[in-house]
Amino acid sequence: MAEPLVLVRREPPVAVATLNRPDVLNALSAPLMDALSREIGALDADDAVRAIVLTGSSRAFAAGADIAEMAEAGAVEMMERDRFQGWQRLRATRKPLIAAVSGYALGGGCELAMLCDMIIASDSAQFGQPEVRIGVMPGAGGTQLLTRALGKWQAMELVLTGRMLSAREMYDRGLVTRVVPEGMHLEEALRLAREIAKQPPIAVRLAKEAVQKAFLGTLEEGLPLERKNFYLLFATEDQREGMRAFLEKRAPVWQGK
Ligand code: CO8
């Protein structure tokens, strides 16, 4: 039987999904993206899983969309293929998604890392949107997300030259959450996932939604959503428990209710 395109390891309360096309630097083919959105969707629906880590190989998180799949396609054919459904499903993930990046995160690979909520990078990692060098441009959110993260003037340089930046440069510019020594990215991402998994799950979910809104929407949309989610948390048992535990000077016990 062929190797699965995405390997999943459940270690409740966290799980790891690993892109598994190492021979082509995890090029994001349509079957790989289908498998990924299916597996992440299943983890998102699994009550035992509180945070999800997405990783690749040591040489590449992912070197972009599969160029071999697109090289001969026409514009209408690309539109008919509508390859963005899987991306859209991934964007709808409600649990925290942490990218653990080593090696190349290029083109669609950089966009996939940016779709995650946090990025832990090995100091060997390299990020970039090299599409212009093969005659196209980013198509899975790169122009929008990089610009929001880095600002117009820095994003423009990356998108128009296709230059790569190191993990440390991306950390300095605010795109990477943390840089760790070579090979420690997965361990550190799991540590972060477990720390998040200790928090009350409904508060985590609503807070993630509110931060996403801040990043993607306007302040007028974001502030009311934040306030609504804040009020909503007072309907949970975890709010009562969290505040009482604080006042009683003991550790809280979360019910997820
Ligand atoms: N697609 C297909 N195959 C790839 C890709 C890719 N993106 N990247 C690497 N490979 C393959 C190579 O062809 C090679 O295969 P083989 O061994 O059979 O010849 C193998 O992976 C190893 O790669 P290299 O020999 O090139 O390794 P190097 O260490 O010399 O170079 C690089 C590594 C610099 C990462 C180089 O492979 C490279 O430049 N790759 C392409 C990077 C790129 O241009 N990415 C952008 C792709 S377009 C995109 O992502 C648009 C996203 C929009 C969303 C689309 C949804 C449909």
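The structure is a predicted model, in which local features need pLDDT of at least 70, side-chain atom pairs count only at pLDDT 80 or more, and totals for chains, interfaces and linings use all residues. Residues are numbered from 1 along each chain as its sequence is written, and side-chain values use heavy atoms, with hydrogens and water left out.

The protein chain contains 12 helices and 10 strands; these elements are DSSP runs numbered from the N terminus, helices being H or I of at least four residues and strands E of at least two. Its C-alpha trace spans about 65 × 50 × 40 Å along the principal axes. For 257 residues, a compact globule would have a radius of gyration near 18 Å, and the 19 Å of the protein chain agrees with this. That radius is taken over C-alpha atoms, and the globule rule is 2.2 Å times the number of residues to the power 0.38.

Of the 257 residues, 43% are buried, where buried means under 20% relative accessible area, exposed means over 50%, and partly exposed lies in between (1.4 Å probe, protein chains only). Contact means heavy atoms within 4.5 Å. Among contacts between residues at least 6 apart in sequence, 65% join residues at least 24 apart.

Helix α5, residues 108-115, is mostly covered, with eight of its eight residues buried. Cys 110 lies in this helix and counts as buried because its relative accessibility is 0%. Not counting residues up to four places away in sequence, Cys 110 touches Ala 105, Phe 127, Gly 128 and Gln 129. Cys 110 and Leu 146 are 36 residues apart in sequence, and their C-alpha atoms are 9.4 Å apart in space.

Glu 131 is placed in the loop between β8 (126-128) and α6 (142-150). Setting aside residues up to four places away in sequence, Glu 131 touches Gly 107, Gly 108, Glu 111, Val 136, Met 137 and Pro 138. Ala 65 lies in the loop between β4 (60-62) and α2 (67-70), and with 34% relative accessibility it counts as partly exposed. Beyond its neighbours within four places in sequence, Ala 65 is in contact with Leu 28, Met 70 and Gly 108. The C-alpha atoms of Ala 65 and Leu 206, 141 residues apart along the chain, are separated by 31 Å.

The charges come next. Lys and Arg count as positive and Asp and Glu as negative, while His and the chain ends are not counted; the place of a charge is NZ of Lys, CZ of Arg, CG of Asp or CD of Glu. The protein chain has 32 positive and 33 negative charges, whose mean positions are 5 Å apart. Side chains of opposite charge can pair when their charged atoms come close. A salt bridge is a side-chain nitrogen of Lys or Arg within 4 Å of a carboxyl oxygen of Asp or Glu, and the count by this rule comes to 12 salt bridges. Glu 131 is buried yet has no salt bridge, its nearest side chain of opposite charge being Arg 133, 9.2 Å away.

Glu 11 and Arg 194 form a salt bridge in which the closest N and O atoms are 3.2 Å apart. Glu 11 lies in strand β1 (residues 6-11) and Arg 194 in helix α9 (residues 185-197), so the pair ties together parts that are 183 residues apart in sequence. Glu 11 is partly exposed at 28% relative accessible area, as is Arg 194 at 38%. Arg 9, Glu 11 and Arg 194 are linked in a network of salt bridges.

An α-helix has 3.6 residues a turn, so residues three or four places apart point the same way. Arg 191 counts as partly exposed at 47% relative accessibility, whereas Glu 188 is buried, with a relative accessible area of 13%.

A further salt bridge joins Glu 69 and Arg 83, with the closest N and O atoms 3.3 Å apart. Glu 69 lies in helix α2 and Arg 83 in the loop between α3 (75-81) and α4 (85-91), so the pair ties together parts that are 14 residues apart in sequence.
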